[in-house]
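Trainee: Please put the model up, and I will ask about one part of it at a time.

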Amino acid sequence: MPEILLCVVLGVVALPFFLIACLIVLFSVGAPLMFSQPRCGRDGQIFQLFKLRSMSEARGPNGALLPDDQRQTKVTALIRRLRLDEIPQLLLILRGHMALVGPRPLLPETIESFGTEGQYRCSVRPGLTGWAQVSGNTNLSNTEKLGLDIWYVAHRSTLLDLRIMAETVGVAIWGENRRTDRIDAAAQWLRDHPPAKANLQGSPA
């Protein structure tokens, strides 16, 4: 119930900023406004994730999409930094597909490639923000993100979730910084407690 109430409050507060962001996207990268893609939820259940589109479909001579930084403008990059493109996912939280805090939802094939670690990562609902997002995010390797996500699943608590939400605001204002202390702690914990030895059925809800 507190999560639902918080989502409603955040939605009301963020709505004017989201509408402005929609106009910016429309005039900078064009229609459609929304991007959607199937992602893995809790226990591997697939749901459709959607967010405000912040990148164009520009492609190189070989037909492949250009790198992210070449497909966005300065203003849409700011929209991503402020997480305004993620606002539509508040609806997914209300529907029970996501949580305010948790590992970010990934493609099904990505989760499958993680094996047992992917199953353990999916033992909780994916989040709008997470431990990896406030510990470096785009400055992290996929392996580092996975380690941080697994550490979060094993240590999650209301206090930790509140800390992550507070730090998310700081990241939006001051930018992303690698937290090597957290990365190292997660890697060490993973070496000592590999998910293969964990009771997945008993993982936190």
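Trainee: Is Trp-151 buried or exposed?
Mentor: This is a predicted model, in which local features need pLDDT of at least 70 and side-chain atom pairs count only at pLDDT 80 or more, while totals for chains, interfaces and linings use all residues. Residues are numbered from 1 along each chain as its sequence is written, and side-chain values use heavy atoms, with hydrogens and water left out. Buried means under 20% relative accessible area, exposed over 50% and partly exposed in between, with a 1.4 Å probe and protein chains only. Trp-151 has a relative accessible area of 19%, so Trp-151 is buried.

Trainee: How many aromatic pairs does a search of the whole structure find, and of what kind?
Mentor: Rings of Phe, Tyr and Trp (its six-membered ring) pair if their centres lie within 6.5 Å; planes under 30 degrees apart count as stacked, over 60 as edge-to-face and the rest as tilted. The search finds one pair. The ring centres of Trp-131 and Trp-151 are 5.2 Å apart and the planes are at 20°, so this pair is stacked.

Trainee: Which parts does the pair tie together?
Mentor: Helices (H or I, at least four residues) and strands (E, at least two) are DSSP runs, numbered from the N terminus. Trp-131, buried at a relative accessible area of 5%, lies in the loop between β4 (127-129) and α6. Trp-151 lies in helix α6, so the parts tied together, 20 residues apart in sequence, are that loop and helix α6.

Trainee: What covers the buried residues of α6?
Mentor: Helix α6 covers residues 142-155, and its buried residues include Leu-146, Leu-148, Ile-150 and Val-153. The cover includes β3 (99-101), α5 (116-121), α7 (158-174) and α8 (180-192).

Trainee: At what angle do α6 and α8 pack?
Mentor: Contact means heavy atoms within 4.5 Å; among the residues that meet are Gly-147 and Trp-151 in α6, and Ala-186 and Trp-189 in α8. Axes are lines fitted to C-alpha atoms, for helices over the stretch in contact, with angles from 0 to 180 degrees between N-to-C directions. Angles under 35 degrees count as roughly parallel, over 145 as roughly antiparallel, 65 to 115 as roughly perpendicular and the rest as oblique. The α6 and α8 axes are 8 Å apart, and the angle is about 70°.

Trainee: How many disulfides does the structure hold?
Mentor: A disulfide is a pair of cysteine sulfur atoms within 2.5 Å. The structure's count is zero.

Trainee: How far from Cys-40 is the nearest cysteine sulfur?
Mentor: Cys-40 is buried, with a relative accessible area of 8%. Cys-40 is in no disulfide, and the nearest cysteine sulfur, that of Cys-122, is away by 4.9 Å.

Key: Expected span 1.5 Å × (residues − 1).
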